[in-house]
Amino acid sequence: MTNFETNDGFIWMDGEFVEWAEAKIHVLTHTLHYGLGVFEGVRAYLTHEGTKIFRLEDHTNRLFESAQAVNMQIPFSKSEINNAQKEIFIKNNLKEGYIRPMCFYGPQGMGLRADNLKTHCIVAAWEWPSYMSPEAFEKGIKIKISSYKRQTNNLVSRSKVNGNYVTSIMALQEALQEGYDEALLLDDEGNISEGSGENLFLIKNGEVFTPDLDASLDGITRKSIISLAEEDGLKVNIKKISLEEILQADELFFTGTAAEVVPIKSVDESLIADGKRGKITTILQRKYFDQVRGKRTTFSEWLTPIS
């Protein structure tokens, strides 16, 4: 059972460990009303050398970049946030799982000025084996082109800001209600953006393609896959991608910290190639899972021991 079911464990709040069930905030917390907060999703994996956090510093750097995009001052250093992520894993006796750092405004006032507010920080961690079903990693998922659009050319919309994910929630709910596994959002110009919480990759004629960052999150897993692909000598193209291009792709897959690397077998009931996980997708997926579990010697700096 997860901590959500048992209420066991601890959460790091503003520099102190608080029992899971007692980690509470006021109903007039500003971020609860307006969505102005920043967060990260981080994973830790069990390796042959113990538990290690995948790309910890990259995630924390992005947390601070997101805060800067919305003029939020984080009252802790990057080092303190990094240490909190390691300590909460140990405190909760976890071997593998998901870590959620978040910074948010308190209840010192209300209104859109968002001034004279205290910034609070939390770090939680819990077991989360897979965001997708286990068979999805081999058989792939069905996705729907969402009726919801992703904003473009906006630093705030490209940052990991709490309020941005309302659109993601609505897009995913729409897809699930219609029998799909995930959503794919377009930008306001009709180009491919991203999934509800994932970046998209396309394989065509042996080359790798992924949308530019005008309307996509600068995903940590996305960066990792680009590096792993280039390591194999694959050409990676970062460009605007049309809906027609993805329907004609040889392979498609999503990447994300929660989703990891998951193949896409169909888009709006149109099969991608033969509807099976492609060769390059399989190679990159396996390299990624070997990487996060410490089975590769390259990019060893991506793994941070929790102790």
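How many salt bridges does the structure hold? I find 16 salt bridges, each being a side-chain nitrogen of Lys or Arg within 4 Å of a carboxyl oxygen of Asp or Glu.

A note on the basis: this is a predicted model, where local features need pLDDT of at least 70, side-chain atom pairs count only at pLDDT 80 or more, and totals for chains, interfaces and linings use all residues. Residues are numbered from 1 along each chain as its sequence is written, and side-chain values use heavy atoms, without hydrogens and water.

Entry one. I looked up glutamate 260 and arginine 43, a salt bridge with its closest N and O atoms 3.9 Å apart. The pair links distant parts of the chain, strand β15 (residues 260-267) and strand β4 (residues 42-47), 217 residues apart. Helices (H or I, at least four residues) and strands (E, at least two) are DSSP runs, numbered from the N terminus.

Buried or exposed, I asked of glutamate 260? Glutamate 260 is buried, at 4% relative accessible area; buried means under 20%, exposed over 50%, partly exposed in between (1.4 Å probe, protein chains only). Arginine 43 is buried too, at 4%.

Entry two. Lysine 287 and aspartate 232 meet in a salt bridge at 3.0 Å, N to O. Lysine 287 lies in helix α9 (residues 279-292) and aspartate 232 in the loop between α7 and β13, so the pair ties together parts 55 residues apart in sequence. I noted lysine 287 as buried at 9%, and aspartate 232 as partly exposed at 41%.
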